[in-house]
Amino acid sequence: MLTTDKLREFGADVDTGLTRCMNNEAFYIMLVGKVIGDKRLDILEQQIADHVLDAAFETAHALKGMYANLSLDPLTKPVSEMTELLRSRTETDYTAFINEAKTQFERLCAL
């Protein structure tokens, strides 16, 4: 069962996330649960592999917003870095960013 204590251990800034959710813990946990069901990280990985950088930027930007609004800091960091590179359509190896984001996403899903 997902709890704020587990999210803190994961590295989320739960207090900030709760503030954004009007200190409604059940609402915050429900929103984090929706993140767990989100498949856009896989879509982002494929867009980058296909070198569709405009679409990859849009996907990364949406993920960054979702993760940041819920203060899921371990996920926010690699996706934010990718977003900024994609914003300028930088052709680079995104593997490390994708791998870090997927590792953190798997950690979140295991809570």
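**Figure 1. The crossing of helix 4 and helix 7.** In this predicted model, helix 4 passes helix 7 in a left-handed crossing. The contact involves Leu 41, Asp 42, Leu 44, Glu 45 and Ile 48 on the helix 4 side, and Ile 98, Ala 101, Lys 102 and Phe 105 on the helix 7 side. Six of these contact residues are nonpolar and three are charged, while none is polar. The two axes, those of helix 4 and helix 7, come within 11 Å and cross at roughly 165°. An angle over 145 degrees counts as roughly antiparallel, and helix 4 and helix 7 are therefore roughly antiparallel to each other.

**Figure 2. The largest nonpolar core.** This core has 33 residues. Those with the most contacts inside it are Leu 7, Tyr 28, Leu 44, Tyr 67, Leu 72, Met 82 and Leu 86. At least two residues of the core are supplied by each of helix 1 (4-10), helix 2 (14-20), helix 3 (25-36), helix 4 (40-49), helix 5 (53-69), helix 6 (73-87) and helix 7 (95-109). Helix 5 provides the largest share, seven residues. In soluble globular proteins, nonpolar side chains tend to be buried together.

**Figure 3. The surroundings of Leu 86.** Which residues does Leu 86 touch, not counting those up to four places away in sequence? They are Leu 44, Ile 48, Leu 53, Ala 56, Phe 57, Ala 60 and Tyr 94. Leu 86 is also one of the residues with the most contacts inside the largest nonpolar core.

**Figure 4. Gln 47 in helix 4.** Gln 47 lies in helix 4. Is Gln 47 buried or exposed? Its relative accessibility is 15%, so Gln 47 counts as buried, the limit for this class being under 20%. When neighbours within four places in sequence are left aside, Gln 47 is in contact with Val 52, Ala 55, Ala 56 and Thr 59.

**Figure 5. Gln 104 in helix 7.** Gln 104 is placed in helix 7. With a relative accessible area of 9%, Gln 104 is buried. Apart from residues up to four places away in sequence, Gln 104 touches Phe 10, Pro 74 and Leu 75. Pro 78 is 26 residues from Gln 104 along the chain, and the C-alpha atoms of the two are separated by 9.3 Å.

**Figure 6. Asp 5 in helix 1.** Asp 5 lies in helix 1. Its relative accessibility is 52%, so Asp 5 counts as exposed, a class that begins over 50%. Asp 5 and Glu 81 are 76 residues apart in sequence, and their C-alpha atoms are 27 Å apart in space.

Terms used
Residues numbered from 1 in each chain as written. Predicted model: local features only at pLDDT ≥ 70, side-chain atom pairs only at ≥ 80, totals over all residues. Heavy atoms only, no water. Core = buried A, V, L, I, M, F, W, Y, C linked by side-chain atoms within 4.5 Å. Buried < 20%, exposed > 50% of the residue type's maximum accessible area, 1.4 Å probe, protein only. Helix = DSSP H or I, 4+ residues; strand = E, 2+ residues; numbered from the N terminus. Contact = heavy atoms within 4.5 Å. Axes fitted to C-alpha atoms, helices over the stretch in contact; angles between N-to-C directions. Parallel < 35°, antiparallel > 145°, perpendicular 65-115°, else oblique. Left-handed = near helix turned anticlockwise from the far one by under 90°. Nonpolar A, V, L, I, M, F, W, Y, C, P; charged D, E, K, R; others polar.
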